[in-house]
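Subject: Structure handover

Hello,

Please find the structure below, with its sequence. My notes on it follow.

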Amino acid sequence: YGNLNLNSDKIINLLDPTNPQDAVTKNYSDNNYLSRLVGGTIIGNVFITNGAQIYNSATVDPTKAFVD
């Protein structure tokens with residue numbers, strides 16, 4: 001099968017995944033993956049970019065806050 005062009009249409013009524021290669025909805029992703037990132041601690045050297053500048057956690061002031 002080739003590419004599937006939806007011409008800007010949406011895929012709707014997608015079920016929750018049951019197999020490793022199944023697609024997921026935004027709601028499923030937000031509730032099962034993104035929610036796990038809240039309140040955690042990142043250990044190690046982290047690189048953050050705002051598109052114009054890259055911040056390296058090893059050299060940035062540790063009191064600097066980054067907000068998404």
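This is a predicted model: local features need pLDDT of at least 70, side-chain atom pairs count only at pLDDT 80 or more; totals for chains, interfaces and linings use all residues.

Overall picture

The protein has 1 helix and 2 strands, and their order along the sequence is α-β-β. Of the 68 residues in the protein, 4% are buried. The exposed surface comes to about 6800 Å², with 53% of it supplied by carbon and sulfur atoms.

Confidence

Mean pLDDT for the protein is 75, and 49% of the residues reach 70 or more. Helix H1, residues 26-32, has the highest confidence, at a mean of 84. Strand E2, residues 54-56, has the lowest, at 63.

The salt bridge

The structure holds 1 salt bridge. Which side chains meet in it? They are those of lysine 26 and aspartate 30, at 2.5 Å from N to O. Side chains of opposite charge can pair when their charged atoms come close.

Are the two partners buried or exposed? Lysine 26 has a relative accessibility of 62%, so it counts as exposed. Aspartate 30 is at 25% and therefore counts as partly exposed. The cut-offs behind these labels are under 20% for buried and over 50% for exposed, with partly exposed in between.

The segment before H1

The remaining notes concern residues ahead of the helix.

With neighbours within four places left aside, proline 17 is in contact with Asp22, Ala23, Val24 and Tyr28. For the pair proline 17 and tyrosine 28, the separation is 11 residues in sequence and 8.8 Å in space, C-alpha to C-alpha.

Isoleucine 11 is also found in the segment before H1. Its relative accessibility is 60%, so isoleucine 11 counts as exposed. Between isoleucine 11 and threonine 25 there are 9.3 Å in space, C-alpha to C-alpha, for a separation of 14 residues in sequence.

Backbone angles

Most residues other than glycine have a negative phi. Asparagine 7 has a positive phi of about 50°, although it is not a glycine. Asparagine 13 also has a positive phi, near 60°, and is likewise a residue other than glycine.

Regards

How values were computed:
Residues are numbered from 1 along each chain as its sequence is written. Side-chain values use heavy atoms; hydrogens and water are left out. Helices (H or I, at least four residues) and strands (E, at least two) are DSSP runs, numbered from the N terminus. Buried means under 20% relative accessible area, exposed over 50%, partly exposed in between (1.4 Å probe, protein chains only). Accessible areas come from the Shrake-Rupley method with a 1.4 Å probe; for residues, only the protein chains shown count as cover. pLDDT is the predictor's confidence in each residue, from 0 to 100. A salt bridge is a side-chain nitrogen of Lys or Arg within 4 Å of a carboxyl oxygen of Asp or Glu. Contact means heavy atoms within 4.5 Å.
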